[in-house]
Amino acid sequence: MSAKCVNSFLVAVFSLSISLFSNTAFSQHGAEITEKGTTVHHEEKMDAAKIIMEHVLDNHEFHLAEIGGHPVSIPLPIILYSPQRGFDAFMSSRFEHGQAQYNGYKMVNDKILPVDESGNIDESASVLDLSLTRNVVQMFLAVLLLILVMTNVAKKYRINGTTKAPSGFQNAVEPVITFVRDEVGKPNLGSKYEKYMPYLLSVFFFILINNLVGLIPGSANVTGNIAFTLVLAFISMLVILFSTNKHFWGHIFWPPGVPLFVKVILIPVEFAGIFIKPIALMIRLFANMVAGHIVIICFIALIFIFGAMNTVAGLGFSPLSIAFTVFIYFIELLVAFIQAFIFTNLTAVFIGQAFETGHADHNEHPHDPHPTHDHQEKEYAL
């Protein structure tokens, strides 16, 4: 119970820190010089949509906070190639958060453009951005974390074998591996499950780690990037297609037992289903992960929206906003596991459909989660 209270307190502190550090981003100030030469400061309206999109989209730096109107961030490497100018590499801090240009380039809305000596966009030059953005860097970190955890678990199995009780990360990972094997691999792939378990486990843990790391304040929401989920879905589609056989393609291009006039309609639908399945995997993961982050930022933004109308209203709404943020944060922790499971499970389902065995081969008995010797007892268990 005390551990849950500590976790709730930490999440609340994180949310409150985001709110305080984002104050300058939500409440921007401008200056105007009057005819008498005096400077009048005025507060600009907050652009909540811009703040939300900056948080969700990819970036060339890890933006942590703004203190005294100055951004606090971790710069990342910029790698550019232009057919007219060749390769160029430098740190993103050279652009001074979009306020400066460097070496013939400038950043506009986080997009790097070639410029001439006067600072205007050079239409005669093109540039290919190969930079290590925060999504790419965080994905590499997730891969490194996955390798470290799994090699540590494998090392313990190699030393202790299966006779000694698991400990540490091994104790946390082993039930998850068993769950994926028994609830995803065996029911959907039958006797062929061992062949696909390395891929299914890799996909599950890779998505899970990226989901969890993306919930750390200041990090990137990698699984909320459509390009990331597109690549994962494309890899799953290749695995599905390479698992097919002649019976699968026969059902696609000439469904058996169907009247001819129905086949004219059914064949295009079945063929489109080959691509619809990975598209569904891509959109489902992307939409669910990006939605939670948007909701959290919206609750935090409400503090400043109410504060712009009335200071007392902003302060009064802050506890309620932070409470909802903490609640959504816990929901996102649950969603991180659910979405990793759904992506892995649907991938296994589609692979099982590809070789038309589903639960088992024709010559083998299907996997029974409730094995019994008595037929009546088996029906009761099911």
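Strands here are DSSP E runs of at least two residues and helices are H or I runs of at least four, numbered from the N terminus, and two strands pair if DSSP finds at least two bridges between them. This is a predicted model, where local features need pLDDT of at least 70 and side-chain atom pairs count only at pLDDT 80 or more, while totals for chains, interfaces and linings use all residues. Residues are numbered from 1 along each chain as its sequence is written, and side-chain values use heavy atoms, with hydrogens and water left out.

Back to the hairpin. Q101 has K106 in β8 as its bridge partner, and 2 residues sit between the strands, with N103 in the turn showing a positive phi of about 55°. Next along, β8 (residues 105–108) joins β9 through 4 antiparallel bridges. Here Y105 stands opposite P114, and V108 stands opposite K111. This second hairpin also has 2 residues between its strands, and N109 takes a positive phi near 55°.

Put together, the 3 strands make an open antiparallel sheet in the order β7-β8-β9. β7 (101–102) and β9 (111–114) are at the edges with a single partner strand each, so one side of each has no neighbour in the sheet. Buried means under 20% relative accessible area, exposed over 50%, and partly exposed in between (1.4 Å probe, protein chains only).

Now the charged pairs. A salt bridge needs a side-chain nitrogen of Lys or Arg within 4 Å of a carboxyl oxygen of Asp or Glu, and the count comes to 3.

| Salt bridge | N to O distance |
|---|---|
| D122 and R85 | 3.2 Å |
| R181 and D182 | 2.9 Å |
| D182 and K186 | 3.8 Å |

D122 lies in the loop between β9 and β10 (128–129) and R85 in the loop between β5 (77–82) and β6 (86–91), so their pair ties together parts 37 residues apart in sequence. D122 counts as buried at 18% relative accessibility, but R85 is partly exposed at 32%.

Over in helix α5 (residues 169–189), D182 and K186 lie 4 residues apart, about one turn of the helix. Salt bridges with shared partners join R181, D182 and K186 into one network. K186 is buried at 18%, while D182 is partly exposed at 25%.

Zooming out, the chain has 11 helices and 10 strands, and 35% of its 382 residues count as buried.
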